[in-house]
Amino acid sequence: MYVEKLNPKDYEKLYYYLYLTRYADELICKNYKQGMLQESHHSCQGEEAIAVGSGILLGKDDYVCPSLRARGYFYLKGATLKEMMAGMYGKVTGPSRGKNTSHHMGDMDRGIVCGSGIIGGALPVAVGVGLGIKKRGSKGVVLVSFGDGSTSRGDFHEAMNLAAVWKLPVLFVCENNRMAMGNTIEGEMAIDRVAIRADAYGMPGVTANGNDVLAVYEATAAAIERARKGGGPTLLEFTTHRWTGHGVKDADAYRDRAVVESYKQDCPLDNFRKVLLAKGILKKRDLDRIEKAAMKEVDDAVEYAVQSDHPPVDIVATNVYV
Amino acid sequence: MTILSVRQAIREAMREELLRDDKVFLIGESLGPYGGSFKLTEGLLAEFGPEKIMDTPLSESAIVGCSVGAAMMGFRPIAELMFADFVTIGMDQLVNNAAKMIYLHDGALPLPLVLRMPEGGGATMGPHHSQCVESWILNIPGLKIVLPSNAHDAKGLLKSAVRDDNPVVFIEHKLLYNEKGEVPEGEYTVPIGKAKVVREGKDISIISYSYMVKKSLEAADILAKEGIDAEVVDVRTLRPLDVETLAESVRKTEKAVIVHEAPVTGGAGGEIAAVLQEAAFDYLDAPIGRVGALETPVPYSYTLEQAYLPNTQKIVDKVKQLVTR
Ligand SMILES: Cc1ncc(C[n+]2csc(CCOP(=O)(O)OP(=O)(O)O)c2C)c(N)n1
């Protein structure tokens with residue numbers, strides 16, 4: 001069990017980033033509705049444990065390419081809350097000075113692989129990063145995250161196959177919230193678990209509870225160890241729920257409110273808090289302290305974003321080529 | 001006459017065609033309960049049911065390819081891509097199957113399919129949800145390409161597209177969806193392949209299509225105050241191109257500027273300029289001008305995106321440069 005090796009500092013860090021991701025998302029949604037943000041936003045509320053529980057395992061030599069919803073990876077991989085928030089506000093202090101959105105930000109130095117608004121489009125690129133890791137002889141891995149709906153794209157299948165054939169150190173992490181915009185998983189695929197798609201490509205497929213941050217940690221740690229040892233890719237499926245509309249503008253009128261509300265009983269933050277308190281790993285006052293610190297980081301970031309300037313127009317046509 | 005938004009006009013066209021012809025059906029992502037990413041299909045599931053309003057998995061290649069196959073079986077699919085940018089994924093099916101199928105059957109097989117998609121920037125949606133794609137598709141014989149600029153044309157052209165036995169790429173502009181305009185109450189169509197003079201003038205022809213027609217008309221208003229009488233021509237169909245209507249306008253004004261939102265290089269404006277100099281060379285009194293976006297990906301942030309996009313002022317400036325040279 002990898003989880004057994006976690007120390008209290010690790011638990012603090014997990015809780016810190018869970019809370020920070022949630023609080024940042026709540027603020028983003030609120031401020032978006034007040035017309036303050038420019039970037040389209042897809043809330044990760046209720047799904048935070050996946051990015052946090054797996055992202056915390058990534059080291060300096062590892063790479064991540066987060067899905068549209070998986071904000072936690074950025075924070076854990078060294079993107080600052082300030083630059084991410086500035087990006088949401090369309091400011092010059094955001095990623096690539098406002099040319100790129102924050103949720104697709106790329107910075108190879110920090111191991112953040114530029115995403116694509118074309119769902120599935122980032123997966124073959126992640127495989128190429130895996131190839132690069134292997135060619136360099138590094139022990140790193142690349143983690144690419146995506147939703148269940150994305151597994152209907154040809155790019156998903158081509159990427160999975162190539163990564164398996166070449167035994168590349170790629171973690172395919174599916175955030176299965178059983179929705180793809182207005183479509184449900186039944187309309188997306190004729191199987192009940194995304195992970196069984198792995199069989200077709202000859203790699204392990206694992207399903208775990210995505211609302212249990214420790215279960216996410218455990219499954220990811222095993223897949224990472226396998227990849228670092230040259231064992232090749234793994235498809236990890238983490239089950240979860242979408243609490244909000246698809247995007248912040250979506251009123252979510254096509255879903256049964258009672259069902260959506262019931263998802264909130266399975267809150268990844270509450271689930272983790274219960275474990276921490278029951279096992280005496282952290283006390284209530286520790287949680288309060290951590291929450292305060294996370295809120296401060298987010299509030300400072302919003303302030304920074306608001307105060308930052310808009311991009312100067314004379315940069316618009318720069319750096320199309322190097 | 002009744003006042004409809006472009007969104008309502010397109011929805012009405014689909015609805016009327018679904019009612020008129022049992023072979024027509026809709027296929028795309030989140031069209032049903034969700035109502036489409038821009039709410040074009042809202043309410044249609046309740047009226048026509050899931051056999052006619054077909055939600056697919058997130059699979060653009062399959063959407064286009066499946067529409068080709070269904071059209072080969074005598075059905076008339078209206079396929080939707082959520083954003084025109086995603087046509088890259090359906091491109092193989094569009095270029096290598098849809099566009100060639102009639103020719104490969106030497107005309108024995110009709111291929112009645114419509115591929116609808118919203119393009120364009122101006123909504124800070126970032127580089128993968130804001131592009132103009134018409135010139136990517138323009139170099140493909142076998143496809144028709146339609147780009148309406150207003151509610152009347154959107155409805156009439158879409159109805160023609162559905163009834164056409166050839167594959168039609170129907171490109172909408174997301175900033176037009178809320179634009180309102182007059183639409184006849186009863187049945188009407190607008191023919192594919194016909195441009196339209198939307199404002200008469202004698203000093204210069206501003207030739208445009210889609211959302212940029214609105215900007216061109218605004219520019220013409222500003223120019224009028226400065227004593228320049230601009231004619232505005234709405235191309236409406238890029239393939240087949242109505243060379244005669246465009247050339248006739250240029251023979252009258254002796255000057256032309258072509259305005260589209262896509263970047264200038266490799267844009268449809270180059271093609272239009274080429275056919276105009278063939279058709280009206282002796283009448284031209286100035287080089288043909290072009291206005292389009294900058295030569296960059298579409299930047300996300302508002303100030304950068306606005307700098308990137310063509311706009312009313314850029315059209316005015318270009319016209320003045322050509323008229324006063
Ligand atoms: C190729 C492509 N098709 C469609 C879309 C529009 N779109 C954005 S997210 C989304 C649903 C994605 O579902 P899933 O992968 O399950 O992720 P989730 O939103 O549930 O997190 C769709 C259809 C897109 N961005 N790219």
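# A walk through two chains and a ligand

Let us begin with chain B, where the domain assignment gives two parts: domain 1 covers residues 2–183, and domain 2 covers residues 196–323. Keep in mind as you look around that this is a predicted model.

How far apart are the C-alpha centres of domain 1 and domain 2 of chain B? The distance between these centres is 26 Å. The two domains do touch: 30 residues of domain 1 of chain B and 25 residues of domain 2 of chain B take part in the contact. Together the two domains of chain B bury about 2200 Å², and 58% of this area is on carbon and sulfur atoms.

Two salt bridges are found across the interface of domain 1 and domain 2 of chain B. There is also a salt bridge to look up by name: the side chains of B:Glu179 and B:Lys214 meet at 3.2 Å, N to O. Between domain 1 and domain 2 of chain B, twelve residue pairs are in polar contact. On the domain 1 side, at least two residues each come from helix H6 (134–138), strand E6 (144–146) and helix H7 (151–163) of chain B. What kinds of residues make up this side of domain 1 of chain B? They divide into 14 nonpolar, twelve polar and four charged residues.

Now step back and bring in chain A. Here 29 residues of chain B are in contact with 38 residues of chain A. The two chains bury about 2500 Å² between them, with 65% of it on carbon and sulfur atoms. On the chain B side, B:Tyr34, B:Leu58 and B:Tyr300 lose the most area to chain A, and together they account for 28% of what that side buries. How many salt bridges does the rule find across the interface of chain B and chain A? The count is zero, but 15 residue pairs are in polar contact across this interface. Helix H11 (residues 302–308) of chain B gives the largest share of the side that touches chain A, with five residues. That side of chain B consists of 16 nonpolar, ten polar and three charged residues.

Where does the ligand sit? You will find the ligand between chains A and B. It is surrounded by 21 residues, and the closest are A:Arg69, A:Gly149, A:Ser150, A:Met179 and B:Glu60. Zooming in on A:Ser150, you can see an N or O atom of its side chain 2.6 Å from an oxygen atom of the ligand. For A:Met179, a backbone N or O atom lies 2.8 Å from a ligand oxygen atom. A polar backbone atom of A:Asp148 is 3.2 Å from an oxygen atom of the ligand.

Finally, here are two details of the backbone. In chain B, the peptide bond from B:Arg239 to B:Pro240 is cis, with omega near 0°. In chain A, look for A:Asn319, which has a positive phi of about 60° although it is not a glycine. A:Asn319 belongs to the segment after helix H11 (284–307) of chain A.

Key. Residues numbered from 1 in each chain as written. Chains lettered and ligands numbered in written order. Predicted model: local features only at pLDDT ≥ 70, side-chain atom pairs only at ≥ 80, totals over all residues. Heavy atoms only, no water. Domains from an automatic or database assignment. Contact = heavy atoms within 4.5 Å. Buried area = accessible area lost by both parts, 1.4 Å probe. Salt bridge = Lys/Arg side-chain N within 4 Å of Asp/Glu carboxyl O. Polar contact = N/O pair within 3.5 Å; in protein donor to acceptor, adjacent residues only side chain to side chain. Helix = DSSP H or I, 4+ residues; strand = E, 2+ residues; numbered from the N terminus. Nonpolar A, V, L, I, M, F, W, Y, C, P; charged D, E, K, R; others polar. Near = heavy atom within 4 Å.
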